[in-house]
Amino acid sequence: MGLPPGFLAEYNADRGFDFLTALRYFPATSSDENNGISAHEDGNCITFVLQDGVGGLEVLGEDGRWVPAEPVEGSIVVNVGDVLQVLSNKKFKSATHRVVRRPGAHRHSIAFFLNLHGDKWVEPLPEFAAHAGEPPRYRGFRYNEYMQLRMRNKTHPPTRPEDVVHITHYDI
């Protein structure tokens, strides 16, 4: 990010909201039924993913095409999340990604989600806005409020797609 070491220490003080999960995707039973996880962005800071050799993780390219994140032995996939997108005033973009199940193969992955403490205030850092001569692209918010809105998307899906809350909800 071009910042000195430890600059974001206040965002890294409480690891109590992080979580690690092991994921298993069953093989697709047909070419029409291959959805493992639908397209989304992670609402946290950063996600680290260890994936097996089966593949299936895809990232949405700038041209609107899905690009496979092919497994590389010994590598870790790092996804920028919505919080880092806001802190960097959109210098770093939260990756839209999905998982596609493959016929005849179980897929396994382990994901670690680095999160903020729930009551943490999130807004573009001055180093990426005022000090860089850029206007802030987002209004500030409490992390737990944003996560509650995202959860409401899942528990009470809006009838209109434009009513689904994304980080763009905080665009200025």
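Visitor: How many salt bridges does the structure hold?

Guide: The structure holds seven salt bridges. The model is a predicted one.

Visitor: What makes the contact between Glu58 and Arg98 a salt bridge?

Guide: The cut-off is a side-chain nitrogen of Lys or Arg within 4 Å of a carboxyl oxygen of Asp or Glu. The side chains of Glu58 and Arg98 meet at 2.7 Å, N to O. So the pair qualifies as a salt bridge.

Visitor: Which parts does this pair tie together?

Guide: Glu58 belongs to strand β4 and Arg98 to strand β7, so the link joins parts 40 residues apart in sequence.

Visitor: Why is Glu58 called buried?

Guide: Buried means under 20% relative accessible area. Glu58 has 12%, so the label is buried.

Visitor: And what is Arg98 called, at 24%?

Guide: Partly exposed. That label covers values between the 20% and 50% limits, and Arg98 has 24%, so it applies.

Visitor: How do you know that Asp63 and Arg65 form a salt bridge?

Guide: Their side chains meet at 3.9 Å, N to O. The limit is 4 Å, so the pair counts.

Visitor: Are these two residues buried or exposed?

Guide: Exposed means over 50%. Asp63 has 55% relative accessibility, so Asp63 counts as exposed. Arg65 has 61%, so Arg65 counts as exposed too.

Visitor: What links Arg160, Glu162 and Asp163?

Guide: A network of salt bridges. Within this group, the side chains of Arg160 and Glu162 meet at 3.4 Å, N to O. Arg160 is partly exposed at 43%, while Glu162 counts as exposed at 54%.

Visitor: What makes β2 and β5 edge strands?

Guide: Take the sheet they belong to. It is open, with four strands in the order β2-β7-β4-β5 and antiparallel pairing. Strands β2 (35–40) and β5 (66–68) each pair on one side only, which is what marks them as edge strands. The twist averages 30° from one strand to the next.

Visitor: How do you know that β4 and β7 pair?

Guide: Pairing requires at least two bridges. Strand β4 (residues 57–60) and strand β7 (residues 97–100) have three, in the antiparallel sense, so they pair. In β7, Val99 is the bridge partner of Leu57.

Visitor: Which residues form the nonpolar surface patch?

Guide: Leu20, Leu50, Ile76, Val78 and Ile110, with about 460 Å² of accessible area together.

Conventions:
Residues numbered from 1 in each chain as written. Predicted model: local features only at pLDDT ≥ 70, side-chain atom pairs only at ≥ 80, totals over all residues. Heavy atoms only, no water. Helix = DSSP H or I, 4+ residues; strand = E, 2+ residues; numbered from the N terminus. Axes fitted to C-alpha atoms, helices over the stretch in contact; angles between N-to-C directions. Patch = residues over 30% accessible without salt bridge, like charges linked within 9 Å, V, L, I, M, F, W, Y side chains within 5 Å. Areas by Shrake-Rupley, 256 points an atom, 1.4 Å probe, with all protein chains shown as cover. Buried < 20%, exposed > 50% of the residue type's maximum accessible area, 1.4 Å probe, protein only.
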